[in-house]
Amino acid sequence: MGTIDSFIPAGSKALETIRGDLTGAGRSDALVVISPPSSGAEKLGEGQPRTVVLLTQTADGALQKASENSKIVPCARCGGLAGDPYAFSRIQTGQFTISISGGSRERWADDFTFKYSTDKQTWLLDKVVRDLSDTETEQHNTLELTAKDFGTVAFQEFDPSTLKKAAALDDAAAEKAN
């Protein structure tokens with residue numbers, strides 16, 4: 001296999017490509033967030049999710065697809081009034097984090113961190129930080145989850161909708177603030 005572009009389906013486009021060492025092997029791997037083709041007629045909250053593809057570099061420098069997930073990064077119009085929910089991704093040696101956010105008055109944000117397991121030869125969910133805040137009352141709730149909370153979850157099987165969310169903001173406190 002060759003270039004990153006060879007892993008992007010026809011009609012789709014790379015929303016972001018990040019290079020780094022995904023496995024801890026000292027190679028230049030890649031995390032690619034791929035947007036599917038758009039009809040241009042999607043309404044707010046509608047559309048296909050983006051696919052995150054992990055490419056690892058072989059000893060001879062070629063890239064190969066190691067894993068993918070189409071449940072983490074929502075559609076471009078699924079962030080509410082805040083816009084596109086994809087915020088960023090970052091790679092640190094042997095791990096990566098994907099950050100999404102959205103909302104309007106109530107803003108939500110999720111960071112999903114995966115670490116490479118040499119035993120399982122895949123990336124496992126390591127930590128989740130879910131945040132909910134009110135832009136008017138400045139109320140804020142954060143929930144941090146680790147493997148003790150969700151067990152062993154491989155990147156390709158991870159679905160954020162299966163996790164607990166940050167606690168709802170206190171409506172009574174919000175009314176007092178008004």
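**Close-up views of a predicted model**

View 1. T137 lies in the loop that links β8 (122–134) to β9 (140–146); helices (H or I, at least four residues) and strands (E, at least two) are DSSP runs, numbered from the N terminus. The model is predicted: local features require pLDDT of at least 70 and side-chain atom pairs pLDDT 80 or more, whereas totals for chains, interfaces and linings use all residues. Residue numbers start from 1 along each chain as its sequence is written, and side-chain values use heavy atoms, without hydrogens and water. T137 has a relative accessible area of 18% and is therefore buried (buried, under 20% relative accessible area; exposed, over 50%; partly exposed, in between; 1.4 Å probe, protein chains only). From C-alpha to C-alpha, T137 and P85 are 22 Å apart in space, with a separation of 52 residues in sequence.

**View 2. The open sheet.** Five strands, in the order β5-β6-β7-β8-β9, form an open sheet with antiparallel pairing (two strands pair if DSSP finds at least two bridges between them). β5 (86–92) and β9 are the edge strands, each pairing on one side only.

**View 3. Pairing of β5 with β6.** Six bridges connect β5 to β6 (residues 95–103) in the antiparallel sense. R90 is placed opposite T97 in β6.

**View 4. The disulfide.** One disulfide is found in the whole structure (a pair of cysteine sulfur atoms within 2.5 Å). The disulfide joins C75 to C78, with an S to S distance of 2.0 Å. The link of C75 and C78 is right-handed, with 90 degrees about the S-S bond. C75 is buried at a relative accessible area of 2%, whereas C78 is partly exposed at 26% relative accessibility.
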